[in-house]
Amino acid sequence: MRRKSRYGDKVIAFAVTERRRGVKWKKIVEEIASHFAIKPPTERQMRKWFDEYGADEADPEKLLKENLVKVARAT
């Protein structure tokens, strides 16, 4: 990950993953504080991470369907 943050890649990945699962920001802050035993990042910082790393992720089921259609057309 390319980042300009004092938080490690694991914290960033945790925040992005949890948000993708639909967890609220306040809950993510609490989980980071308890799980990593550090001062949690601000909600604003986590939103930036999500925009940079998580928002572009496509739905895995959608990708699978698109790939199946491509294979079916090729044969």
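This is a predicted model: local features need pLDDT of at least 70, side-chain atom pairs count only at pLDDT 80 or more; totals for chains, interfaces and linings use all residues.
Q: Which residues of H2 are buried, and why do they line one face of the helix?

A: An α-helix has 3.6 residues a turn, so residues three or four places apart point the same way. In H2 the buried residues are Trp25, Ile28 and Ile32. Viewed down the axis of H2, the buried residues fall within an arc of 50°, so they line one face of the helix. The face turned away from that buried side carries Lys26, Glu30 and Ser34, which are exposed.

Q: Against which helices do the buried residues of H2 pack?

A: They pack against helix H1 (9-20) and helix H3 (43-54).

Q: Which residues of H1 are buried, and against what do they pack?

A: Val11, Ile12, Phe14, Ala15, Val16 and Glu18 are the buried residues of H1. The buried residues of H1 pack against H2 and H3.

Q: How is the packing of H1 and H3 to be read, and at what angle do they pack?

A: Two packed helices are described by the angle between their axes and the distance between the axes. For H1 and H3 the angle is about 80° and the axes are 9 Å apart. That angle makes H1 roughly perpendicular to H3. On the H1 side, the contact is made by Val11, Ile12, Ala15, Val16, Arg19 and Arg20; on the H3 side, by Met46, Trp49, Phe50, Tyr53 and Gly54. By class, this contact of H1 with H3 has eight nonpolar, one polar and two charged residues.

Q: At what angle do the axes of H2 and H3 cross, and within what distance do they come?

A: The axes of H2 and H3 cross at roughly 100° and come within 10 Å. H2 and H3 are therefore roughly perpendicular to each other. Trp25, Lys26, Ile28, Val29 and Ile32 of H2 meet Glu43, Met46, Arg47 and Phe50 of H3. By class, the contact of H2 with H3 has six nonpolar, no polar and three charged residues.

Q: Which residue takes a positive phi just after H1, and which just after H2?

A: Just after H1, Gly22 has a positive phi of about 100°. Just after H2, Ala37 has a positive phi of about 55°.

Conventions:
Residues are numbered from 1 along each chain as its sequence is written. Side-chain values use heavy atoms; hydrogens and water are left out. Buried means under 20% relative accessible area, exposed over 50%, partly exposed in between (1.4 Å probe, protein chains only). Helices (H or I, at least four residues) and strands (E, at least two) are DSSP runs, numbered from the N terminus. The arc is that of the directions from the helix axis to the C-beta atoms. Contact means heavy atoms within 4.5 Å. Axes are lines fitted to C-alpha atoms, for helices over the stretch in contact, and angles run from 0 to 180 degrees between N-to-C directions. Angles under 35 degrees count as roughly parallel, over 145 as roughly antiparallel, 65 to 115 as roughly perpendicular and the rest as oblique. Ala, Val, Leu, Ile, Met, Phe, Trp, Tyr, Cys and Pro count as nonpolar, Asp, Glu, Lys and Arg as charged, and the others, Gly among them, as polar.
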